[in-house]
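Q: Could you show me how to read helix packing and nonpolar cores in a model?
A: Gladly; let us look at one together.

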Amino acid sequence: MTLFFFIPIGMALFWSFHLEQPFGGGSRFVGWQNYLRVFSDQEFWEALARTGVFTIVGTALSISTALIIALAADRAVRSSTLTRNMMMWPKAVAAATLGVVFIYILDPHQGAFVWLNRLAPGVWNPRLDPVDTWIMLFIANTWSALTLTFLILLAGLQGIPDGLHKAAAIDGAGPWRRLWDIQLPLLTPQLFIVVVLEVADSIVSSFSLIETMTQGGPGDATNLLVYKIYRDGFAAYDLSGAATQTAILMVFVVGITSLQYLVIERRVEYER
C-alpha cells in the first residue's frame, strides 16, 4: 500500500503544486496555478462529464445484469458448487485482454453484429459512430465487472432463509412479490457494497478498456478523465497538469464513496 498507493499519491500532490520539467531538471513551486489552469480547461470538464455518464450507466448495467443472473442461479443451481465457480472464471481475464477480444467480437465487418450491417449497411460501426463506441464499451465493461458482482449478490441471496420464501409462498406471494418484499430488502447490504465497488471501479479502472478499444476516440467521444490524465502525462509530457488532475480525480472518488456511505447506507438492512 505504501509503495504502490501512498507514495505515488504523495508525489502527485507534490507535483500538482509545482511546475515539473518533463525530462527532469528540477521543479518550481507555483501554488494553485495548476489547479486554476485545469479548472479553466474546457476539455477537463468534458472528460469529467463523460466519466460521470460512464460511471452511472456502466454501474447500472453491471449490477442489474449480475442481479438477474444471480436470481436465476439462486433458483436453478443452488446446490451446484461447480457451476457457481465456473461463473467466476472470466474474472481471471485481464481488462486489457478483454478489450482486445471484444474489438474482434464487435468488429463491424467480421464480428457478432455483421448481420446488422447486412440488413442496413453502416448501422453498426463503433470505429466511427460515437454511440456505437459507447455501446461497445458498456458491453465490455459489463462483462468485466459481472463475475465479482454476481458472486457477492448470489452469496447474499443464498443467505436468505428458505423459511421466509416458504412462508411467503403459503401466504400466496408469487415470485415477483417475494423478489420485491423479501429478496431485495434483505439483499441491501450486498447491493450497497457492489454499488460502492462498481462506482469506484468504473471511474478509475476504465483505462485498460479505453486504451485497447478506442484510445479515447472517435474524436474525443470516449476520452474519460482517467485516460486524459494518461495522455496529458505520457503523450504531452504535462506532468504537473496530469498530477493535478490525478489529485482532483482522487478527491472526486473519495467524495463519491463518502456520499454513498452517508446517503445509501442509511437504507441498508443488516438484520435478517
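This is a predicted model: local features need pLDDT of at least 70, side-chain atom pairs count only at pLDDT 80 or more; totals for chains, interfaces and linings use all residues.

Q: Which residues of helix α5 are buried?
A: In α5, which spans residues 95–105, the buried residues are Leu98, Gly99 and Phe102. They lie on the same side of α5 because they cover an arc of only 100° around the axis. As a general idea, an α-helix has 3.6 residues a turn, so residues three or four places apart point the same way.

Q: What do the buried residues of α5 pack against?
A: Their partners are α7 (130–158) and α11 (207–213).

Q: Is Thr59 buried or exposed?
A: Thr59 counts as buried, because its relative accessibility is 7% and the cut-off is under 20%. Thr59 sits in helix α3, residues 42–76. Beyond its neighbours within four places in sequence, Thr59 is in contact with Phe54, Glu198, Val199 and Ser202.

Q: How many residues does the largest nonpolar core have?
A: The general idea comes first: in soluble globular proteins, nonpolar side chains tend to be buried together. Here the largest nonpolar core has 21 residues, and Leu67, Ala70, Phe150, Leu153, Leu157, Leu187 and Leu191 have the most contacts inside it. At least two residues of this core come from each of α3, α7, α9 (175–186) and α10 (188–204), and α3 gives the most, with 6 residues.

Q: Which residues does Ala70 touch?
A: Leaving out residues up to four places away in sequence, Ala70 touches Phe150, Leu153, Leu154 and Leu157. Apart from this core lies another, of 16 residues, including Trp134, Phe138, Leu209 and Met213.

Technical notes. Residues are numbered from 1 along each chain as its sequence is written. Side-chain values use heavy atoms; hydrogens and water are left out. Buried means under 20% relative accessible area, exposed over 50%, partly exposed in between (1.4 Å probe, protein chains only). Helices (H or I, at least four residues) and strands (E, at least two) are DSSP runs, numbered from the N terminus. The arc is that of the directions from the helix axis to the C-beta atoms. Contact means heavy atoms within 4.5 Å. A nonpolar core is a set of buried Ala, Val, Leu, Ile, Met, Phe, Trp, Tyr and Cys residues joined through side-chain atoms within 4.5 Å.
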